[in-house]
Structures are given as C-alpha cells and as structure tokens.
Amino acid sequence: MPILEGKGVTRYFGGLAAVSNVDFQVEAGEVLGLIGPNGAGKTTLFNLISAAIPLRSGSIAFKGKEITGLKPYQICRMGLARTFQTVKIFGNLPVFDNVLLGAFFGGEGRIASAEAASAAASALEFVGLAGAVATPAKDLTLANQKRLEVARALATCPELLLLDEMMEGLNATEVNRAMDLVRMIHDKGITVVMIEHVMKAIMSVCGRIMVLHHGAKIAEGTPREVSTNKTVIEVYFGERVDASNG
Amino acid sequence: MGMEKTTSKKILTFGLVLLLLVVAAGAPLYAPVYTVILLTSILMYMIIAVSWALFSGPTGYISLASAAFFGAGIYTAAIVGKALPLPLMIGAGALVSACLALLVGALTLRLKGIYFVMFTFGLVELLLHFILWWEVTMSGTTGRVVPPAGNATVFYAMLIILAILVLTVFMIRRSRYGLALSSIGENEEAAAHAGVHVTALKIIVYAVSALFMGAAGAAMATRWTYIDPRIAFNPLVSFVPVLMAIFGGIRPLYGPIIGAAIFTYLEEFLITRFPYYYMLIFGIFMVVAILYMPDGLVGLTQRVWKKMSRRNHADT
C-alpha cells in the first residue's frame with residue numbers, strides 16, 4: 001500500500017487548471033522528485049496535499065486514510081509535514097522556539113515539555129543548527145533558514161516529508177549539504193517528496209521522479225527513464241537538445 | 001555569573017511588585033476617597049490593557065472590540081445586579097462577555113489585517129445600537145440602575161480581577177500556548193502546518209481576554225450606578241487601552257500595566273489642571289510617544305539601560 005495516494009487531484013484557479021486530474025502514488029521509504037517548468041503546478045500539488053488550499057475535486061489518502069477535507073494541523077499531526085518554497089519561519093523567535101513549536105503541537109497526542117525540548121534539540125542537532133539555538137530565526141542565512149524549516153518539520157515526527165525547493169537560492173556547497181541532509185532524512189526511514197529545480201540534486205538523490213507540465217502529469221519513472229523521455233526533454237529540458245548536451 | 005544576575009534581578013522585581021501590591025492594597029485604609037477612586041480607574045484600565053495585549057500582542061490581530069466586551073459586562077451587571085451578589089454579578093458579566101467573544105471570534109478571526117480591525121470596531125457600534133433599540137422598543141427604558149457598591153469594595157474587586165488576570169497571562173505566556181500565540185503572529189500558515197489548531201487557539205484566547213474585560217465592566221457598573229447603552233459601549237474604551245499598551249510596551253507583561261498607570265494619571269492630571277487644553281496636550285504627548293518610542297516605555301528604558309551599561313563596560 002502506498003503511503004500517499006492521490007486520485008484525480010484537480011484544482012482550478014479561475015479558468016486555469018493549476019493541477020488537473022493528477023493520479024500519484026508515493027511508496028513508503030522512497031525519495032520522490034517532483035519536477036516541471038515554472039507554473040507546472042508543483043507547489044499547488046503540495047498545497048493540496050497539506051491542505052494549505054482545500055481540495056475540491058479528487059481525493060488524497062495518507063497511510064490508507066482519506067485526508068481530503070482535513071485541516072493542515074490535522075494532517076501534520078497524522079505525520080505529514082512540509083517546508084515552504086519561500087521560507088515561512090517565525091523570524092523574531094529564537095531558532096530553538098521555531099522547532100519547539102513543531103515538537104509541542106505537530107505530534108500525535110500531548111507531549112511533555114521536557115520531551116518536546118529534547119525532540120527540538122535533537123532535530124536541530126540533526127540539521128546542523130545546534131550552535132544557533134538562541135539566534136533569532138530571521139538572522140540566519142537563507143540556507144540555514146531552510147534547514148530550520150526542515151528541523152521544525154522533523155520535530156513533528158513525520159512519516160512523510162514534503163520539501164518544496166529546499167535548494168533554491170543556495171550556493172554549490174550549500175546544495176551539497178542540502179543533498180546530504182535529504183539522504184540523512186531518507187536513512188531515518190522518512191519518506192520524502194521533493195520539488196526541485198537543481199537537476200544534479202534530483203538525479204542523484206531521488207529514486208523516482210514525477211514530471212508535471214501545465215498541471216498534468218506527463219511522465220514518471222527512474223531518473224534515467226525520465227531524463228531520456230522525449231516529452232520531458234521537449235517541455236522541460238528545452239526542445240532542441242543534442243545528445244552531446246544532454 | 002549571568003545566571004546569578006538574572007536571579008537576583010528576578011528576586012528584586014518580585015520584591016518590588018509585592019511591596020507595590022501591599023501599598024496599593026492598603027490604599028482604602030489610609031488614602032483619601034479621591035485617590036481610591038482614581039486608583040480604581042487605573043486598575044480598570046490596567047485590566048483592559050493587559051487583556052487586550054494578551055491576545056492582540058503576540059498574534060498581531062488588533063482588536064478594537066474591547067468596548068463591546070467591557071460594555072457587555074456592564075450591561076449584564078445592570079440586568080442581573082438586583083438579583084445577584086457582587087461576586088456572582090462580576091462572574092456573570094465575565095461569562096456573557098466571554099461567550100460574546102467566542103461567537104465573534106468564530107465569525108471574524110478568519111479575517112486578517114484591517115478587515116479584522118474594522119469588524120471588531122463595528123461590533124461596538126452594532127451592540128450599542130442593538131441594545132438601544134431593544135431597550136426602547138422591548139423594555140421601554142433607556143437607562144438602568146445598578147445597586148451601588150462602596151468605593152473600597154469596587155477597588156478590591158478590581159485588584160482581585162487584575163491579580164487573577166496577571167497570573168493567567170503569566171501562565172499562558174510561559175506555556176506551550178504562549179509559544180503558539182507568538183507563532184501565529186509571526187506566520188500563521190507555518191504555525192498551522194506545524195500542528196497548531198490556530199482557529200481554536202485564537203478563539204479561546206480571545207474569549208479569555210474578553211472574560212476579564214467583562215469582569216472589569218461588571219465591577220465598574222456598581223460604581224457608576226446609572227448606566228445606559230451610550231455609557232456602557234463607549235468607543236473610547238476600545239482605543240485608549242490600545243494606546244496605553246503601545247505606550248507602555250506590548251511585549252512584556254508589565255508594559256500595558258505601566259502604560260495604563262501613567263496614562264490614566266496623566267489624563268486625570270491634565271483634566272484638572274488644563275481642562276481646556278487637555279485633549280491637545282494629550283494628543284501631542286501620544287504622537288511623540290509613538291514616533292520616538294516604537295517599543296513603548298519599557299523598550300525605551302531597556303535601550304537606555306543597555307547604552308549605559310555598555311558605556312560602563314567600555315570604561316573599565
């Protein structure tokens with residue numbers, strides 16, 4: 001049974017189909033890459049899964065349970081956490097409190113204060129921010145703010161993590177560290193779905209890739225299959241790609 | 001060493017607060033009646049300003065419905081006042097006000113920014129005119145008489161309400177819910193996706209803040225004795241506590257308390273000394289305060305303090 005399954009997921013903005021009739025399955029323990037040109041509907045799909053915007057047509061099931069119609073906090077507590085394309089951190093709060101919030105509220109049931117504090121500390125340790133616990137979150141670098149979002153998501157004890165362009169705007173070193181982080185999350189047994197434009201990262205980290213274009217799924221498969229898929233090459237990598245460039 | 005310093009500072013603060021409380025609590029025993037009455041209105045404004053800051057401070061939802069919640073307490077007192085003893089009357093005022101906030105919160109807390117501000121202020125006018133209409137067409141009265149309680153009694157009622165409120169705010173802020181409230185103010189969407197039931201939290205804390213405003217209203221009604229809708233739902237009660245909280249400093253718990261004390265005293269002072277120019281002086285004072293003290297009096301003190309201690313360190 002897939003950990004996350006969507007059927008006929010559709011969302012219109014006015015007359016525009018941002019996501020149109022997309023079926024998808026995410027297997028437990030995999031790292032799935034979600035790619036597509038700008039405006040393809042990737043983030044909208046994330047927003048529909050996490051209920052940031054309500055799903056009106058189609059259905060999504062997490063761990064075999066229908067989550068259509070649930071609120072974001074309920075979905076988070078079920079074990080489905082996410083990060084945001086443009087970071088949404090609690091800028092004026094210390095780094096530690098950003099993560100502590102996730103530990104307090106994101107898990108299933110009520111957690112004791114001491115337990116939440118240690119969960120937050122270990123999440124920060126995990127992403128490599130243990131040295132910055134008292135810093136106001138807004139003073140971190142962009143790369144570290146993105147790591148902070150990951151730590152906050154991890155503190156909610158997720159089984160599935162949605163990463164929305166974690167590597168956007170990072171330099172080469174930071175991208176490599178971010179790739180290592182995704183692998184570490186995967187090694188913990190957490191299923192990952194990641195939206196990414198950095199091809200190097202997608203190709204080396206993801207076991208499987210799904211391609212969206214104009215809101216529709218146009219391809220799906222291993223990195224090798226997707227990168228040699230003719231439709232994908234046309235819409236995504238550019239229409240005239242020589243073998244030598246590809 | 002830093003730890004020792006904060007502990008000794010905490011003990012000092014605690015001692016000072018205790019001393020102030022004892023001096024204030026004894027006021028009806030030694031102070032003239034005028035002082036007791038002035039202190040009662042200071043306490044009243046402290047309650048409204050602190051309750052306002054409890055919700056609007058961390059969340060950034062600027063509510064202008066304080067007058068509605070305060071007025072609901074007053075009017076409840078006026079309706080049940082003849083039947084119930086004072087503590088129960090205050091309790092009834094608090095409860096009605098909290099229920100009103102639950103209802104209003106459920107309807108409006110999905111609104112953001114200026115829309116929320118406007119709606120909450122509209123509520124004051126709506127309630128005022130609804131009750132005016134009700135009293136004229138249904139009950140055939142325009143004013144009601146509340147059984148008066150002594151000056152000292154009202155004073156102690158206010159003091160007790162304030163004490164419970166301060167304790168409540170302190171506990172909420174220290175708890176996980178205090179953190180959640182701040183996270184809503186910082187980024188509501190992220191808070192929701194980190195597992196916070198933002199709607200429920202906002203509505204409940206809004207109701208808690210209204211609870212205390214209603215209690216203060218019910219207590220105050222016994223001092224005003226005659227009330228009508230225009231007295232009960234005075235729009236100034238929505239604005240003044242906000243200014244007080246901003247003036248004192250919204251973030252720390254004692255900010256609105258200090259702001260309310262200075263503001264109420266200043267108002268009284270200006271009214272008695274400069275009855276014709278008091279609004280003008282008051283206005284200038286306010287503009288200067290907002291322009292030059294964005295973090296309130298508390299923020300200003302902290303800034304000066306930091307500067308001074310840095311200079312001292314540089315000298316040694």
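This is a predicted model: local features need pLDDT of at least 70, side-chain atom pairs count only at pLDDT 80 or more; totals for chains, interfaces and linings use all residues.
Let me begin with a definition: helices (H or I, at least four residues) and strands (E, at least two) are DSSP runs, numbered from the N terminus.

Residues are numbered from 1 along each chain as its sequence is written, and chains are lettered from A and ligands numbered from 1 in the order in which they are written.

Back to N21(A). This residue is not a glycine, yet its phi is positive, about 50°. Most residues other than glycine have a negative phi. Is N21(A) buried or exposed, or partly exposed? Our rule goes by C-beta atoms, placed from the backbone: a residue is buried if 20 or more others lie within 10 Å of its own, exposed if 12 or fewer, and partly exposed in between. N21(A) has 14 C-beta neighbours inside 10 Å, so it counts as partly exposed.

A51(A) is also not a glycine and has a positive phi, about 70°. You will find A51(A) in the loop between helix 1 (42–49) and strand 4 (57–62) of chain A. With 22 other C-beta atoms within 10 Å, A51(A) is buried.

Now let's look at chain A as a whole. Its domain assignment gives domain 1 (1–79 + 160–246) and domain 2 (88–157); such bounds come from an automatic or database domain assignment. The C-alpha centres of these two domains lie 24 Å apart. How many residues of domain 1 are in contact with domain 2 in chain A? Nine residues of domain 1 are in contact with twelve residues of domain 2, where contact means that the C-beta atoms of two residues, placed from the backbone, lie within 7 Å. On the domain 1 side, helix 2 and helix 6 (172–187) of chain A each give two or more residues.

Helix 6 of chain A deserves a slide of its own. It has 16 residues and reaches 23 Å from its first C-alpha to its last, close to the expected 22 Å; the expected span is 1.5 Å times one less than the number of residues. A178(A), L181(A), V182(A) and I185(A) are buried in this helix. Seen down the axis of helix 6 of chain A, the buried residues fall within an arc of 100°, so they line one face of the helix; the arc is that of the directions from the helix axis to the C-beta atoms. Turned away from that buried side is a face with the exposed residues A172(A), T173(A), D180(A) and D187(A). Among the elements covering the buried residues are strand 3 (31–35) and helix 4 (113–127) of chain A. Just past helix 6 of chain A, G189(A) has a positive phi of about 95°.

Next, where do the chains meet? The contact takes 22 residues from chain A and 16 residues from chain B. On the chain A side, helix 2 (72–78) and helix 3 (95–105) give two or more residues, and helix 3 of chain A brings the largest share, six residues.

Over to chain B. Helix 12 (residues 236–248) of chain B has 13 residues and reaches 18 Å from its first C-alpha to its last, close to the expected 18 Å. Ten of those 13 residues are buried, so helix 12 of chain B is largely enclosed by the rest of the structure. The buried ones include V237(B), P241(B) and F247(B). After helix 12 of chain B comes G249(B), with a positive phi near 120°.

Helix 6 (residues 113–139) of chain B has 27 residues that should span 39 Å, and its end C-alpha atoms are 38 Å apart, which agrees. Its buried residues include F116(B), L123(B) and I131(B). Helix 12 of chain B is one of the elements that cover the buried residues of helix 6 of chain B.

One last stop is T225(B), in the loop between helix 10 and strand 2 (226–227) of chain B. T225(B) and P147(B) are 78 residues apart in sequence, but 6.2 Å apart in space, C-alpha to C-alpha. Leaving out residues up to four places away in sequence, T225(B) touches V145(B), V146(B) and P148(B). T225(B) has 14 C-beta neighbours inside 10 Å, so it counts as partly exposed.
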